[in-house]
Amino acid sequence: MAAITLKSVKKNYGKTPVIHGVNVEIEAGEFIVILGPSGCGKSTLLRMIAGLEEVTAGEIHIGDRLVNQVEPRDRGCAMVFQNYALYPHMTVAQNIGYSLKVAGVPRAQRDERVRAVAKSVGLEDYLDRRPGQLSGGQRQRVAMARAMVREPKVFLFDEPFSNLDAKLRVAMRAEVRRLHRDLGVTSVFVTHDQTEAMTLADRLIIMNAGRVEQIGKPSEVYNRPASRFVADFIGSPAMNLIEGMFDEQGHFVYGRGGRLAAEPLNGQRRPGRKLVLGVRPEAVRRTNEQKPGAIPALVEYIEELGAARLIHADASGTRIVAVETENVDIPSGAPVHLEFNDDALHVFSAEDGRRIDAHA
Amino acid sequence: MIERSPLFNAISYAMMVIGFLIVVTPFWVVLVAASQSLSEIARVPMSLWPSAHLWENIEAAWNRADLGPKLLNSLIVALGVTFGKITIAALSAFSIVFFNYRARMVCFWMIFVTLMLPLEVRIVPTYSIAANALSPFQTLLDTLGLTGLISALTGVEVSLNWNLLNSYTGLILPLVATATGTFLYRQFFMTVPDELVEASKMDGSGPMRFFFDVLIPLSRTNMLALATIMFVSSWNQYLWPLLVTTDRENYGTVVMQLKALIPAQNGTPDWNVTMAGALIIMLPPLVIVALAQRWFVRGLISRDK
Ligand SMILES: Nc1ncnc2c1ncn2[C@@H]1O[C@H](COP(=O)(O)OP(=O)(O)O)[C@@H](O)[C@H]1O
Ligand SMILES: [Mg+2]
């Protein structure tokens, strides 16, 4: 049975629609990451699950219970906020134990739980401090301990690490992963950072402008993006997207008359239909001689990354980025030939951006 | 203001000293006068150095104006008003800031508008209500014709009466409404991050629990500031106590007693006793301000970011 089910969930702020109907089933014990650009409605969705925001239409089930009208405290969810949201006047122990106090748990039992939870996140020496006397990472740990202490059925995280520095973020990521492994609690984690999303998620929900673009494992989302948006959003450096169409001879025609021999046609890829061809920079190889399937391009500049370098090239008016692992020095303006791995080509409709598979 | 030339320093010191003198001189004169004997104070020009008769004068003033019970009255009234004001201000601001109901802004503006209606302006209607706190309801019943109806049906003449004159309730209640306090609290509550409200919702606490467990402790410094101002201003109330108490013996406040300390038209001009009385009367607010000031500083230093 699914731990959380969203059925056609919609949200309007006043008359403005913000979430346009989301359907998701989250399995018990799963770690789900909602990923999308800023302002796409990730927080709104999460807050509707938490009960902090009313649902305009649709149904939210937690376990087998319809929770649309259920108060936040009765939903069995615990939340970790972006700015920690710790009570500044309470000590760490009081912060962690506050929900137990509200629930009327006797003092001795409360102290014991607080101590156990604090220990599991490495805060046992800080129980008497105030949040103001802690570092950012420690505050985030308090926020996590506060969520854990109630033993909730669901953890909700709203960009919890966005105020931490890069190094700490990586450490906290590992910590969250470890806690999830130890506790096995269903978790929904919101972020706009794709590395964070890819490393944490069992499954990703990619959102764009209030709609779900794709739901899938990180590898699926990376290897088979369901839409042009996902293709562009996931992966760094971003996927090359080449607009054009097939001609009668089975060549993909793009830019100012560029031609590329590509996979066999099918109905969806009929000649004349506007398409977008996607290829990841890692799947673009540089060759020196002209051969069928390679396209000519002029090097614009090289971006040095240390371990590798990115060749930014212009192929008949279309920008193409290739990853070059060899340590070569290519001057700007030099002609090169770029070859694509055939099985790494993605095709999207130019109209609605959906993926078109070769053998569909 | 980062510039620290000697000239700039000199000017700022001069300004501070002038300000200090302006504030302190009247106090000094009161203190000096209160310590002089009758003959010393009658001398012209008056000496500006204290003499040795402070205790006699204080004793005389204390007895003449019956300051013991009156100080107690003043304290009861000032504390009552302060407590009432803070309670009402915090609760009304809580409602205005954290709840979403249609009449919210109307309520806020209605409270705000009362800033333009100080006690002096509405003193006549306030007095008539204090004389019978239930008179608005009586009027309502009368205009609706219910009084006639009830007396016709049951033979009972409805006549509501709750007299607040000559009581602590009457001294305190009409003063506890405060737009300033509500406004101050509103400004503070609006700085409380939404996330904190939501975190407490997730922790399972209801609105009142949030109010007492989170808002009140967080607003401690503000509350202290407000309490200080309110205490001083209600201690200094003159007009309302004068109006609402006819039984001065039992319900008079010290500020009203100042008048009793002033020498009679043809009596002995013992202004030294008057000044000693004034000294006693202004002491409690001074102490409160001095104490609260220490707290302000402490509150500001240990403040969380
Ligand atoms: N309280 C609100 N009132 C009106 N619009 C809102 C409110 N909260 C969020 N929005 C709008 O809803 C959209 C989604 O917001 P949000 O869920 O916070 O995005 P994200 O978390 O993905 O950055 C944004 O366009 C935002 O402007
Ligand atoms: Mg957000």
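Keep in mind throughout that the model is predicted.

I'll begin with the interface. On the chain B side, 18 residues are in contact with 26 residues of chain A. Together the two chains bury about 2000 Å², and 58% of that area is on carbon and sulfur atoms. Nine residue pairs between chain B and chain A are in polar contact, counting pairs with both residues at pLDDT 80 or more. Which elements of chain B give two or more residues to the side that touches chain A? They are helix H11, residues 194-202, and helix H12, residues 207-218. H11(B) gives the most, with seven residues. Sorted by class, this side of chain B has eight charged, six nonpolar and four polar residues.

How many salt bridges does the rule find across this interface? The count is one. The partners are Glu198(B) and Arg47(A), whose closest N and O atoms are 2.6 Å apart. As background, side chains of opposite charge can pair when their charged atoms come close.

Next, the ligand. Which residues surround ligand 1? On the list are Tyr13(A) and Val18(A), then Pro37(A), Ser38(A), Gly39(A), Cys40(A), Gly41(A), Lys42(A), Ser43(A) and Thr44(A). Helix H1 of chain A, residues 42-50, supplies the largest share of this shell, three residues. By class, the shell has five polar residues, four nonpolar and one charged.

A polar backbone atom of Gly39(A) is 2.6 Å from an oxygen atom of ligand 1. For Gly41(A), a backbone N or O atom is 3.0 Å from a ligand oxygen. With Ser43(A) the side chain is involved: one of its polar atoms lies 2.5 Å from an oxygen atom of ligand 1. As for cover, ligand 1 taken alone exposes 560 Å², and the protein buries 54% of that.

Now the salt bridges in general. Over all chains, the structure holds 20 of them. One inside chain A joins Glu53(A) to Lys11(A), with the closest N and O atoms 3.9 Å apart. This pair links distant parts of the chain, 42 residues apart. Glu53(A) sits in the loop between H1 and strand E4 (57-62), while Lys11(A) belongs to strand E1, residues 2-13.

Last, two backbone points in chain A. Most residues other than glycine have a negative phi, and most peptide bonds are trans. Where is the cis peptide bond? It runs from Ser236(A) to Pro237(A), with omega near 0 degrees. Pro237(A) is in the loop between helix H8 (228-233) and strand E11 (240-246). The other point is Glu159(A), a residue other than glycine with a positive phi, near 40 degrees. Glu159(A) is also in a loop, between strand E7 (154-158) and helix H5 (166-183) of chain A.

That is the end of the talk.

Notes. Residues are numbered from 1 along each chain as its sequence is written. Chains are lettered from A and ligands numbered from 1 in the order in which they are written. This is a predicted model: local features need pLDDT of at least 70, side-chain atom pairs count only at pLDDT 80 or more; totals for chains, interfaces and linings use all residues. Side-chain values use heavy atoms; hydrogens and water are left out. Contact means heavy atoms within 4.5 Å. Buried area is the accessible area (1.4 Å probe) that two parts lose on being put together, summed over both. A salt bridge is a side-chain nitrogen of Lys or Arg within 4 Å of a carboxyl oxygen of Asp or Glu. A polar contact is a pair of N or O atoms within 3.5 Å; within protein, one must be able to donate a hydrogen and the other to accept it, and residues adjacent in sequence count only if both atoms are side-chain atoms. Helices (H or I, at least four residues) and strands (E, at least two) are DSSP runs, numbered from the N terminus. Ala, Val, Leu, Ile, Met, Phe, Trp, Tyr, Cys and Pro count as nonpolar, Asp, Glu, Lys and Arg as charged, and the others, Gly among them, as polar. A residue is near a molecule or strand if one of its heavy atoms lies within 4 Å of it. Accessible areas come from the Shrake-Rupley method with a 1.4 Å probe; for residues, only the protein chains shown count as cover.
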